Amino acid sequence: MPKGQPQVLPVDGGSRTVDGAWAVTIRRYKFNLYGVWGRKRLGPVSTDAVTEQMARCCVEPEEEPPSQPILGELTASHVSPDSVQLEWSVPEGTFDSFTVQYKDAQGQPQVLPVDGGSRTVTVPGLSPSRRYKFNLYGVWGRKRLGPVSTDAVTAASEPEEEPPSQPILGELTASHVSPDSVQLEWSVPEGTFDSFTVQYRDAQGQPQVLPVDGGSRTVTVPGLSPSRRYKFNLYGVWGRKRLGPVSTDAVTAPQEEEPPSQPILGELTAPHVSPDSVQLEWSVPKGTFDSFTVQYKDAQGQPQVLPVDGGSHTVTVPGLSPSRRYKFNLYGVWGRKHLGPVSTDAVTAASEPEEEPPSQPILGELTASHVSPDSVQLEWSVPEGTFDSFTVQYRDAQGQPQVLPVDGGSRTVTVPGLSPSRRYKFNLYGVWGRKRLGPVSTDAVTGSRTVTVPGLSPSRRYKFNLYGVWGRKRLGPVSTDAVTAASEPEEEPPSQPILGELTASHPQVLPVDGGSRTVTVPGLSPSRRYKFNLYGVWGRKRLGPVSTDAVTGSRTVTVPGLSPSRRYKFNLYGVWGRKRLGPVSTDAVTAASEPEEEPPSQPILGELTASHPQVLPVDGGSRTVTVPGLSPSRRYKFNLYGVWGRKRLGPVSTDAVTGSRTVTVPGLSPSRRYKFNLYGVWGRKRLGPVSTDAVTGQPQVLPVDGGSRTVTVPGLSPSRRYKFNLYGVWGRKRLGPVSTDAVTGSRTVTVPGLSPSRRYKFNLYGVWGRKRLGPVSTDAVTGQPQVLPVDGGSRTVTVPGLSPSRRYKFNLYGVWGRKRLGPVSTDAVTAASEPEEEPPSQPILGELTASHPQVLPVDGGSRTVTVPGLSPSRRYKFNLYGVWGRKRLGPVSTDAVTGSRTVTVPGLSPSRRYKFNLYGVWGRKRLGPVSTDAVTGQPQVLPVDGGSRTVTVPGLSPSRRYKFNLYGVWGRKRLGPVSTDAVTGSRTVTVPGLSPSRRYKFNLYGVWGRKRLGPVSTDAVTGQPQVLPVDGGSRTVTVPGLSPSRRYKFNLYGVWGRKRLGPVSTDAVTAASEPEEEPPSQPILGELTASHVRASVSLFYVSF
């Protein structure tokens, strides 16, 4: 230790001792002890001590290295009002660690330890506009080298006071213009705004409002019409005032039919060749393609086409013949254009000698069994042998060859995407090993398009006009006359009815797993009648059908945010490819609003600003993270950076809006209007109220058969919470209810063909009669595909965690070196969950008891204990003994009386006021009553499987006592209950990224709607991290000096050269302390008191 240099050693507030390692022998030291209380430093108290001949140290003596390292220059690279970043170099050698010393604003010396592999450190907690001198020392073995010094002046602090005047809006300009959007930019010369709003009129003259965050200076206005002049007004919102507007005019660009420049195909190469496949790779130097196609001729000279996704730049061409030259042509598809080709030649590798199979399979006749306007179902037979797979070849309406692969076990396939009323020729090939046998061929003509016009009268002539829509034009009409058939009398048939002829112009087949009892038929049109035929497949037989009719629902859309008693015009557009068709229009007047009372006066919260972005570190192996501490109903932007060595790559960004807060008010009457007042609590003040009116719903009754155990409640609204009460009817009595809550699911639609992990914008239109309403728009990112790695030697794998009775698609990829080959795909439907059989005999619930120990051991570091299992309203005497080595000292004693008894009155109705009379019985006399009124709470019911022995009850409030009753259900009987009480824990939050041994002030705010209430504040000091060096060849280490019965978190870092890798972490709890040898003087027990008395007693004691 350098002579005369002050040293600072932080100590935890709960510690009473501290050890140190002193580097100088036989030396007198003076120690000053300060106590830190809030922001004050109390003391000091002082003492002198002389060190012994040998210094105590935390590591064993090591040999002196051959040459000591050298400290380079120290510089201050980045300066802020409250911190300075220091950088230094080490021209020669390495240091074990560094220390930075400086004096704070009060002149107190401060020490900041730094890891030996670091070359930069940020010194926090400085005062603005102040000069500091920093001394850097390097620790090398037992020596401290240096210092090297530098001076730095912290930056001036930014004024945090409320601006003296209101902010000013600067000039508004239109910076970027496209056919359907305009980007606006503006400035704020003085002050800051809470938010902005942009107002303009759309192509129909309707006013539009676009809200903008207060920190933004640019916004893009979407959904505009091309070649049209718009006027934009920008308002700034400051508190309750709206300032402005500032205005600008802009004309949208004309509609561009084609993009300015087309993409370019790069070189095509064949890097990997096998006997039956060739892997192709290519580049795209400029632009992006929608998709690619690879064309080549097979061994028989037939042209083959292989489509490739636009995001891929590699593809494996399967099914080739060995030792044969192929020429591959790659085309890029960009919009409606076909660019290319770029070509390459490749010769497949020679095949390995294989044994010839005994005989090759034979293809049977190919027939077209079912024909529709846009598809043909083909069927064929295999009289002898088996094929590995099949391929169906045909030419589409543009004359392009198409290839459809079929599994070797199939004997039928449906060819989709055909044009109506057109002749197609289909060639079927069978693939057997490396040979392609066939083809067998058949011709088929697709059916014409038909449409069913509902709601016509029988025996009446109608004229029908058919129009075609192309872009925004309506072509036609083509006309025809037809007379509807006469209606048939509907008499009761005297005997079993006979099914007439069944005709359907577009038959569709949907396979269903044999264990399923329900199926959802997708892709239907709204407001249309369908007939469904169900066939059962048993072996090679098809039994049935059984049939039913159903009419699909109509499409509707709700337009939110409208004003009451106002006429609106709605335009409904249809989107076809990149074109917008329509509109169809309608007018409607919104309903009148009910009168609402003006709230008295609401509080005004000051401006909420976030000057520093928040950083959340994430492990490099993680792919998900939960961001805590966000405010409800607020938009956040998240930037993700990847750290690779000392580089930070990225970011990739996304926006998300947190959910809103809701509260359920129990005990209301149905079909009744209530007024609700919401108050906010800030310290000891009550803010508000904010008021609203609402009418409770009308109770609905659904009768259920006595033998049923399940029922489906129809006609509910999506995304809404419902409470269900179940009553049992026994004779003329109604028993119950038992209750549960459930939230209905939201309405969803599945959009096929999307790419994973990509953001899309979806427009939802509603059809009302012949009008199109909407759109309602939203952005969403497609789901993340799940990946399950499998060993290269495995041929089977089990995919866990799936839902029952649900269809999944699995893609299998093979990894070869750094390349991913495939995929091969399959679909599967998970089995339905198995029903649980009724137990053969009535189960018996075991007794629910609380143990009554006479002796209760307590850890030596504890000062309180709760004695459970006591009787109510009874006096107990407690003796406390202290165990010291092998001796038992004491006792100290206290008396306490447990709390009074309580009784539960069963069979009461929820949310109802009752009067209770309590009588006491003394001999044969009844004494009393003592009376009280109470309102019953709302019981909650949680069903549990009969095979379970544990259950977690969700949705409870923190720090609250609950009583739980457990019933056993056996057939139609309910046995029990057995009961227990429990108190829920309190809410806690972990604040990441804090510095050790530093005092922080934490402010807790509550968010109510768009308002921030609070704060509630507290101070805390973070702990001091400890470092234990370990030899690089060791795999175990013992961490000394820990406290017994305490949880610790250990982080392990690996040091490689000058880099620190890791950490990997684990938690552990130290064991309870073992009895030690008798110290020279024995401890003395202090007073024992009973701090909390109820059905149990909490004891508190102190030691002197």
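**R130 and its surroundings**

Mentor: If we leave aside the neighbours within four places in sequence, R130 is in contact with D104, A105, A152, V153 and T154, where contact means heavy atoms within 4.5 Å. Before we go on, keep in mind that this is a predicted model, in which local features need pLDDT of at least 70 and side-chain atom pairs count only at pLDDT 80 or more, while totals for chains, interfaces and linings use all residues. Residues are numbered from 1 along each chain as its sequence is written, and side-chain values use heavy atoms, with hydrogens and water left out.

R130 itself is placed in the loop between β7 (120–123) and β8 (131–140); strands are DSSP runs of E with at least two residues, helices are runs of H or I with at least four, and both are numbered from the N terminus. R130 and A155 are 25 residues apart in sequence, yet their C-alpha atoms are 7.8 Å apart in space. R130 counts as partly exposed because its relative accessible area is 34%; buried means under 20%, exposed over 50%, and partly exposed in between, with a 1.4 Å probe and protein chains only.

T830 lies in the loop between β46 (819–829) and β47 (864–867), and T830 counts as buried because its relative accessibility is 16%. The side chain of T830 reaches the backbone oxygen of S803 at 2.5 Å, and a polar atom of that side chain lies 2.9 Å from the backbone nitrogen of S805. Beyond neighbours within four places in sequence, the contacts of T830 are L802, S803, P804, S805, R806 and Y808.

Charged side chains can also meet each other. Side chains of opposite charge can pair when their charged atoms come close. A search of the whole structure finds one salt bridge, defined as a side-chain nitrogen of Lys or Arg within 4 Å of a carboxyl oxygen of Asp or Glu, and it joins D298 to R436 at 2.2 Å, N to O. This pair links distant parts of the chain, 138 residues apart, with D298 in the loop between β19 (291–297) and β20 (303–309) and R436 in strand β30 (residues 435–445). Both D298 and R436 are buried.

Now step back to the chain as a whole. It holds zero helices and 59 strands, and of its 1104 residues 20% count as buried. Among contacts between residues at least 6 apart in sequence, 50% join residues at least 24 apart.

Methods
A polar contact is a pair of N or O atoms within 3.5 Å; within protein, one must be able to donate a hydrogen and the other to accept it, and residues adjacent in sequence count only if both atoms are side-chain atoms.
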